[in-house]
Amino acid sequence: MAEHLMGAGEIRERLGRPSRQRVYQITTDPSFPKPYDELQMGKVWRIKDVDAWITRMQDERENIRMRRGARRIDETHEAVAEGG
């Protein structure tokens, strides 16, 4: 069963090694999956839940980037149309 679980250290690795404080902030955020269990060594999460959360956050960031890019294009078109 342990191969299906991960702790804060593994989450930190998955996220590209942010600070421990940042990992704590992420894992206590309401959008982050709830821990599967809390052991003496700390909380553990299901790998599939953490991976799904990471994917969802990456998708959301990409959507935001795309919307910003579309907005910039619209602003450029408006400026050109106005002669600016």
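Let me begin with a term: a residue is called buried under 20% relative accessible area, exposed over 50%, and partly exposed in between, with a 1.4 Å probe and protein chains only. Glu13, to take one case, has a relative accessible area of 47%, and therefore counts as partly exposed.

What I am showing is a predicted model, in which local features need pLDDT of at least 70 and side-chain atom pairs count only at pLDDT 80 or more, while totals for chains, interfaces and linings use all residues. Residues are numbered from 1 along each chain as its sequence is written, and side-chain values use heavy atoms, with hydrogens and water left out.

I will start with the sheet. Helices (H or I, at least four residues) and strands (E, at least two) are DSSP runs, numbered from the N terminus, and two strands pair if DSSP finds at least two bridges between them. On that basis, 3 strands form an open sheet with antiparallel pairing, in the order β1-β3-β2. The edges are taken by β1 (5-6) and β2 (37-39), each of which has a single partner strand, so one side of each is left without a neighbour in the sheet. Between β1 and strand β3 (residues 42-46) there are 2 bridges in the antiparallel sense; Leu5 has Arg46 as its bridge partner, and Met6 has Trp45.

A pair of aromatic rings is described by the distance of the centres and the angle of the planes. Here, rings of Phe, Tyr and Trp (its six-membered ring) pair if their centres lie within 6.5 Å, and planes under 30 degrees apart count as stacked, over 60 as edge-to-face and the rest as tilted. The search of the whole structure finds 2 aromatic pairs. In one of them, Phe32 and Trp45 have ring centres 5.8 Å apart and planes at 80°, so the pair is edge-to-face. Because Phe32 lies in the loop between α2 and β2 while Trp45 belongs to strand β3, this pair ties together parts that are 13 residues apart in sequence. Phe32 also forms an edge-to-face pair with Trp53, at 4.8 Å centre to centre and 70° between the planes. Trp53 sits in helix α3 (residues 47-81), so in this case the parts tied together are 21 residues apart in sequence. Phe32 and Trp45 are both buried, Trp53 is buried as well, and Phe32, Trp45 and Trp53 form one aromatic cluster.

Where do the salt bridges lie? A salt bridge is a side-chain nitrogen of Lys or Arg within 4 Å of a carboxyl oxygen of Asp or Glu, and the whole structure has 4 of them. Glu13 forms one with Arg17, the closest N and O atoms being 2.4 Å apart, and Arg17 is partly exposed at 47% relative accessibility.

Finally, the pockets. On a 1 Å grid over the protein atoms alone, a pocket is an open set of points where a 1.4 Å probe fits, with protein on both sides within 12 Å along at least five of seven lines, and lining residues have an atom within 4 Å of a point. Grid points are joined across faces, edges and corners, and a volume is the space filled by probe spheres set on the points. The largest pocket has a volume of about 210 Å³ and is lined by 13 residues, of which Leu15, Arg22, Ile26, Trp53 and Arg61 lie nearest its centre. Its largest share of lining, 5 residues, comes from α3. The second largest pocket, with a volume of about 170 Å³, has a lining that includes Ala8, Arg20, Lys43 and Trp45, and α2 gives the most to that lining, with 5 residues. Arg20 itself is found in helix α2 (residues 20-28) and is exposed, with a relative accessible area of 67%.
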